[in-house]
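Have the model open as you read.

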Amino acid sequence: MTTADRVSGTLIVVVGPSGAGKDSVMGFAARHFAQRPDILFVRRAITRPSDAGGEVHESVSDAEFEEMSRSGAFAVSWQAHGLSYGIPAEIAEKIAKGMTAIVNGSRAALPAIRQAFGTIAVAVITAEPPVLAKRLAERGRESEEDVLRRLTRQAPDIIADADVTVIDNSGRLDVAGRQFVALVERHSAKRHHPA
């Protein structure tokens, strides 16, 4: 296959409100694709302790994050909820070589992610408000006031954007997990069947 024939991979950005179960859905898919070297689950750098629960990430201090940012270690970085998040720069090269990369993103960071990577696919993991409230309360990371603030925060409306798939994770994890696996399989198949 020549360079002209090669079809580049895809970046799938997973977003959604806190408590929707993004990490659980991604974990389901990571187990499903464990034997697929062409599918990469991106490990973000976050200024949060590694034992804080949720996604597996590279835990860095604020000073380390600033230094990494200055040295070009991130393709995209952003701040949310008092933390800094960074997507490693080498991901772009892996996507260019045909890999499907999956990253936990942020709705507010989508414009910067699109600017850095070009065409992306977005998976919005969501759940009914009572389910979100229950999950956030069970996490115990925030006060009741913080939970209410999260639930009432207006998020950017991205549902109408191109290549956005909404997956409801209000019920059983395997249902939402299989929907996400199907989405990943559709995008990884595009490399073999270019339009």
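Strand E3 (residues 45–46) and strand E6 (residues 83–88) are antiparallel partners, joined over two bridges; pairing requires at least two bridges found by DSSP. Within this pair, isoleucine 46 sits opposite tyrosine 85 in E6. Strands here are DSSP runs of E with at least two residues, helices are runs of H or I with at least four, and numbering starts at the N terminus.

This is a predicted model, in which local features need pLDDT of at least 70, side-chain atom pairs count only at pLDDT 80 or more, and totals for chains, interfaces and linings use all residues. Residues are numbered from 1 along each chain as its sequence is written, and side-chain values use heavy atoms, with hydrogens and water left out.

The open sheet has four strands in the order E4-E3-E6-E5, with mixed pairing. Strand E4 (58–59) and strand E5 (74–80) are the edges: each has a single partner strand, so one side of each lacks a neighbour in the sheet. Helix H2 packs on this sheet, touching E3, E4, E5 and E6, while helix H4 lies across E5 and E6. Contact means heavy atoms within 4.5 Å; axes are lines fitted to C-alpha atoms, for helices over the stretch in contact, and angles between N-to-C directions run from 0 to 180 degrees.

| Helix | Residues | Angle to E5 |
|---|---|---|
| H2 | residues 62–70 | about 145° |
| H4 | residues 110–117 | about 175° |

Now to the loop between strand E1 (10–15) and helix H1 (22–32), where glycine 16 is found. Glycine 16 is buried, at 11% relative accessible area; buried means under 20%, exposed over 50%, and partly exposed in between (1.4 Å probe, protein chains only). Beyond its neighbours within four places in sequence, glycine 16 is in contact with Lys22, Arg107 and Ile125.
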